[in-house]
Amino acid sequence: MNFSRAKSALLAAALAGSVSLPMAPAMAQEDTIKVGILHSLSGTMAISETTLKDTMLFLIEQQNAKGGVLGKKLEPVVVDIASDWPLAAELARQLIEVDDVDVVFGCWTSVCRKSVLPVFEELNSLLFYPVQYEGEESQRNVFYTGASPNQQAIPAVDYLMSEDGGSVERWVLAGTDYVYPQTTNKILEQYLLDKGVAPEDIMINYTPFGHSDWQTIVSDIKTFGSEGKKTAVVSTINGDANVPFYRELGNQGIKAEDIPVVAFSVGEEELSGFDTTPLVGHLAAWNYFMSVDTPENEAFIADWQKFIGSDTRVTNDPMEAHMIGFNLWVKAVEAAGSTEADAVIDSIVGLETPNLTGGTAKMLPNHHITKPVLIGEIQDDGQFFVVWETEDLVPGDAWSDYLPESKMLEADWTAPINCGNYNTETKTCGGSAQ
Amino acid sequence: MLTQILRLALLTLSLLLPTQMVRAQDAAVDIPAQVTALGEASLRELGTIITTLASTGDPAVVPVLTALGEGNLYLDETSGAVVIQRGSAITDPLTGEAVDLGADADLSRIRVNNGLRRDISAALSGMTLMSDNPSTRLSAARGFLSKPDAANLPLLDEAIAAETEANVRSVMQAARAVTILTSEDASIEDKLAAVPQIVSGAGRNAITILTGALASAPDEVKPTIQSAISGLEQGRAVWGALQNVWFGVSLGSVLLLAAIGLAITFGVMGIINMAHGEMVMLGAYTTFLVQLVIRQNFPGLLDYSLLIALPVAFLVTGAIGVGIERGIIRWLYGRPLETLLATWGLSLILQQTVRSIFGPTNQMVIAPTWMSGSTDFFGLAITYNRFWIVIFALIVFFMLLLILNRTPLGLQMRAVTQNRRMASAMGIRTPFVDAMTFGLGSGIAGLAGVALTQIDNISPNLGQNYIIDSFMVVVFGGVGNLWGTFVGALTLGVANKFLEPYAGAVLGKILILVLIILFIQRRPRGLFALKGRAIEQ
């Protein structure tokens, strides 16, 4: 066996894999508005992002049935970023320059957003990003329709500390090893320390993407939780790694009554491949649950299931975020009378659209939106039962107030500040805001 | 409005029933009214009702609370009745009799949260401590361990006196000891005597309980608790190391299962098969389909669905393997570069096919009851799914060894690998043997897929996660040697698990890769290198 030949062949194979063809529809009619959809349809993130691509097609079809926008039909342009982030930047550029789209909806992971950001800034286009993320960012061309940490992580911790949540005193912060869990855990750790939690009562643990052998970590959590203080796990574990994690929890007999796990990346979609009986009572914090009983939500679910042709398909939080982002963009385009990026950026701030849980989402000057925060317990049918929610809508905060390096920063993309990281102490803009 | 009237009517009606009338008078609490009120109570109100029901001490409320805790208590929105639903059977929560709600019944579950579940299990402990069933008594005693209350002492004393099973009694004594240790009135002597009882009876929770009690304990008792804790912790350290070995063995057995098919196709035949992971994935999807058929047609066999899936998965992936060999690989023998690219392309095609057919989301394979949960083997926590996978990996390995060394097919396989032309001259149909060997390797990958449904996601990407690890194991163990694969898989598993607590999962994985690179530099042919002329070809 010639191993060096094999190695170079492997390399060649890897190179070949990184170039995949976009699946743009061939028809290019004159009087359409093109909407770019930039999601992974293959690779590790396909499990979550394929649904978002379908959601966008669904929203566009609905809007076209209503007559489109500004009298023109919307035309989706779908590309597959194949869970490959440099490719995402390339395809974003292609969408804007070659396909000439007016707006892009896309990305799931923070690393995807970070790699396409410079492209949107350089070419002055628009990106709507639908997933909860770590904050510490506000960019003029990006609209963050998912939750920032103060709309998900902080309220979840508050709930667990409260009497209703079990008065938790000891914390395991477990996450996948990349930017979202790292930053969120940094904010949470500081927040817990500020609340008087001792440093030895916080355990932080990171695992690689797709980690499947959780025996050691779950047994460590069990030991950590056996010190006589009420313990909870705050999980920022992302993607495929969740199923083996919960399975190991169930098998090692960790019940939600003893050590509850509150997750920020586990929703209806992730639980649909899964027997949730051993998980009943574990928690998730989101801004939307499929089980929320409102007429808007009922109609959305019915329309979605009709579109996708299956009455078992679930809805989840990032789907709602895409819906809100899409509706806000439509309103902004109609208000501005144009799809030009600058006009939309100016007109979108302050616009409101109803969300699916009965409130309204308002686009704030920092390009984040207002959201309710819901805490749900997992049920044995893979749905969530809302056990707690915030009384008011929570405005998204771009820069965390709990980190010393960012607490004096504010983002405001309206005149006269027009800055993503305005320092309220020195009254200056910090320049490039990423 | 209508429901309220109906509810009121039902309430009056139920009060008129003679049996319940008696109970209600007994307890001075209107139990049926309280149960009906559960139907539309908020979480906070549920808490009050649970406390009220528990305070009656009436055995009739046990099924109500059990059902509420398990999520089997339902409200019929049409009639306002509260009923228990298990499967298709609908019963009255208090009388246990079947209820016919009519066709327009609209059942909605009465939901509870973690806090209420804790309250319910504590309340039930008090009521089921004298049950006839030893396992019910045991779980009741365990409930007392986590929620000590001085008011329960007489009850515990009574239960200990009546208890016949030694292990249940020891847990009850521990529960009594915890109550004494945490109560304010007990004497110092009693508290000192309580500590060893907790150590012997509370099992894995002893450290939790003692650490919790330490802060509030009087100064005279503190040293005793301290020394008990440190004794327990020493024991835990020893068992912790053994536990790590077990974790390593179980990780190793997963690696072994994933790699062993590759040890045939890559190790014996020398084919770089990048689609090996997809064979594993197809095995997992076969399991999913088999279970789907069983669930729909023969629900009684659900517990055996994995056993039934084993031969099916082996045959399906084996047949696909033969197809791949006949259709693609046989044209590429002796051209490793092209084989690699062709099989890698094939792996993408297979992944996308599965994604198009089944969708990108995970599929569900229910764990059979005998593979759920865990057991305490002295101080070791052994989860059943891992345990059976270790056993299964060993069985597959030794079966394969048997096939290679003790069957005509095995003999022909080895002959063809060692000297194709000579074997052909002896009358062996080498193309047939090639196809069978590749089919065997693929079939075994399918078997691995069945096992992996119990620990990993069933998604189109399943195979990708294992292909690198599989090649790593085969190369590390020594190409062409099954024992090398065996030792290589277990070594990597145990090494990984010993590094993980110190270095963390991310760094641990990197360290393993670095160590393997260094090892391959020193011994390019792996742990067990084949010697002789065959390897020089």
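1. A:D213 is buried, since its relative accessible area is 6%, where buried means under 20% relative accessible area, exposed over 50% and partly exposed in between, with a 1.4 Å probe and protein chains only. This is a predicted model, in which local features need pLDDT of at least 70 and side-chain atom pairs count only at pLDDT 80 or more, while totals for chains, interfaces and linings use all residues. Residues are numbered from 1 along each chain as its sequence is written, chains are lettered from A and ligands numbered from 1 in the order in which they are written, and side-chain values use heavy atoms, with hydrogens and water left out.

2. The partner of A:D213 is B:R386, with which it forms a salt bridge whose closest N and O atoms are 3.2 Å apart; the term stands for a side-chain nitrogen of Lys or Arg within 4 Å of a carboxyl oxygen of Asp or Glu. B:R386 also counts as buried, at 2% relative accessibility. Salt bridges that share partners bring A:D213, A:E248, B:R386, B:K497 and B:E500 together in one network.

3. A salt bridge also joins A:E377 and B:R117, with 3.4 Å between the closest N and O atoms. This pair crosses between chains, from strand β14 (residues 374-378) of chain A, which holds A:E377, to helix α6 (residues 114-128) of chain B, which holds B:R117; helices (H or I, at least four residues) and strands (E, at least two) are DSSP runs, numbered from the N terminus. A:E377 is buried at a relative accessible area of 1%, and B:R117 counts as buried at 8%.

4. Within chain B, the closest N and O atoms of the salt bridge between B:E163 and B:R137 are 2.8 Å apart. B:E163 lies in the loop between α8 (153-162) and α9 (166-182), B:R137 lies in helix α7 (residues 134-146), and the two are 26 residues apart. Over all chains, the structure holds 23 salt bridges.

5. As for the interface, chain A and chain B bury about 5000 Å² between them, 52% of it on carbon and sulfur atoms, buried area being the accessible area (1.4 Å probe) that two parts lose on being put together, summed over both. Chain A gives 60 residues to the contact and chain B gives 59 residues, contact meaning heavy atoms within 4.5 Å. The rule finds 6 salt bridges across this interface.

6. In the largest nonpolar core, which has 75 residues, B:L257, B:I260, B:L482 and B:L492 touch the most other members; such a core is a set of buried Ala, Val, Leu, Ile, Met, Phe, Trp, Tyr and Cys residues joined through side-chain atoms within 4.5 Å. Helix α12 (residues 222-268) of chain B supplies the largest share of this core, 11 residues. A second, separate core has 70 residues, including A:V69, A:F128, A:Y133 and A:V330.

7. Finally, A:Q182 lies in helix α6 (residues 179-194) of chain A and counts as partly exposed, at 34% relative accessibility. Leaving aside residues up to four places away in sequence, A:Q182 touches A:D177 and A:Y206.
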